Amino acid sequence: MKRLYNIPTHLSRTFTGTYRLTGRVVEFDNAKTPFLKLRLSDCVGDQIAMLNLSKTTVPERIGHLDFVTASGVKCLSGQFMLDEFRKASRNEVTSMDTLQSLPRVYSPVPEVFDKLVTTVQSLQSECLQAFLTRVLERKDRLEAFLNAPASVHYHHAYPGGLLEHSLNVANNAVAMLRLNEPAMSRLMQETCFVAGLLHDIGKTYTYDSKGKPNAAWKLCSHDAFTLEACAYGLAYLDKHAPDLAIILRHVWTCASPGARYGQKAAITLARYIRDADGQSAMADNQIRAFRTKSQWGFSRIGQNVFWRPEVSTLQPQ
C-alpha cells in the first residue's frame, strides 16, 4: 500500500454523514503508518474510508452496527480520508430518514431491499414511519430481517426470502383493500401495508443474523414472537396513535379459520393479509414445483400437489 497520508487532496470534495459501522480492519502503508479501514453503510450503499491512527484516536465503545458520524475528503485516488470519526449524537440519528440506517450491503436481494426503503419512505403517516424505525432498525433485529428465509423447507426458502415474502404480502394486501374498499382512507391503507410487512417479524427470533435456524426455531412458534418484536414500536403508537396500535395487535393475533385460539377477525385488513400471505406462499411453491420439470401437468412439493394446465403455456394470439 502506498503512503496514504501523502495522497494529494487537491480537487477533492468534502463529505460528512451518519452511518452504521459494518466493518473495520487495521492496515499499514509502505511507511508502516497504521490506518483503520472502515466500512460505513446505509440504505444507499457503502463508503470505504481510512483513518490515520497516528494522528487520530479512535473513540472507545464503538461496535458493530453502531451509529457513527464521519467526515473527511475524497481524494483523486478515490480513497476517503477521514478527519473526524465519532459516535453519532442522538439528534444526528433521529434526523435520518426512515430506514436510512439499514445497511444495503446485508441484503441478499438488493432490488427488493430498494423497494422496501422507497415504499416506507413514501408513507405519509409520521407515526407509522416512526413505528417502523423502532421495529426494523433495531441492531438486534435488522440483520435477521434482511438475511432470513421465510421458511427452511417451504416457500421463499432462501436468504432474503423473509424480506421478499413480507413485501409481497404487504403490497398484495393493500391491492385487495383498494379493490374492495376504494373509499378506505390513506392512513388505513398504510396501516394495512405495515401489518402485512411485519406479519412474520417474529421469525427474526428464530434465525440468527446470517439467516440460519436457531434453538427458538425448533422450540417456539414464530407467531408467539410477533408482539415481542414490535413491542418498542407499539409502545410508541400507544402514546401517539393508540387505535393504530390496537389494529396491528388485532390483525397479528386474531384467529384464522380452524385456529384453536384467538378472537374472530373484526376488521377486513386481517382477511386481506391472511389471504395475501397464503397466495404469496402458494405462488412461490408453484414456481418451485415446476422449476425442474415440465411446465404443465402435475408436480409435488412435500404433501402439496400442484397442477398447471397445458393451456397456461400457450402464447396469446
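Helix α3 gives the largest share of the lining of the largest pocket, five residues, where a helix is a DSSP run of H or I of at least four residues, numbered from the N terminus. By pocket I mean an open set of points on a 1 Å grid over the protein atoms alone, with protein on both sides within 12 Å along at least five of seven lines, and a lining residue has an atom within 4 Å of a point. Please keep in mind that this is a predicted model, in which local features need pLDDT of at least 70 and side-chain atom pairs count only at pLDDT 80 or more, while totals for chains, interfaces and linings use all residues. Residues are numbered from 1 along each chain as its sequence is written, and side-chain values use heavy atoms, with hydrogens and water left out.

Coming back to the largest pocket, its lining is made up of 23 residues, and those nearest the centre are Phe 67, Val 93, Thr 94, Thr 133 and Arg 134. The elements that give two or more residues to this lining are α1 (90–94) and α3 (126–136).

Now to the chain as a whole, which has 11 helices and seven strands, a strand being a DSSP run of E of at least two residues. The C-alpha atoms fill a box of roughly 70 × 50 × 45 Å along the principal axes. Of the 317 residues, 45% are buried, that is, under 20% relative accessible area with a 1.4 Å probe, protein chains only. Finally, among contacts with a separation of 6 or more, 58% join residues 24 or more positions apart, a contact being heavy atoms within 4.5 Å.

Note on methods. Buried < 20%, exposed > 50% of the residue type's maximum accessible area, 1.4 Å probe, protein only. 1 Å grid on protein atoms, 1.4 Å probe; cavity = no way out; pocket = protein on both sides within 12 Å on 5 of 7 lines; lining within 4 Å.
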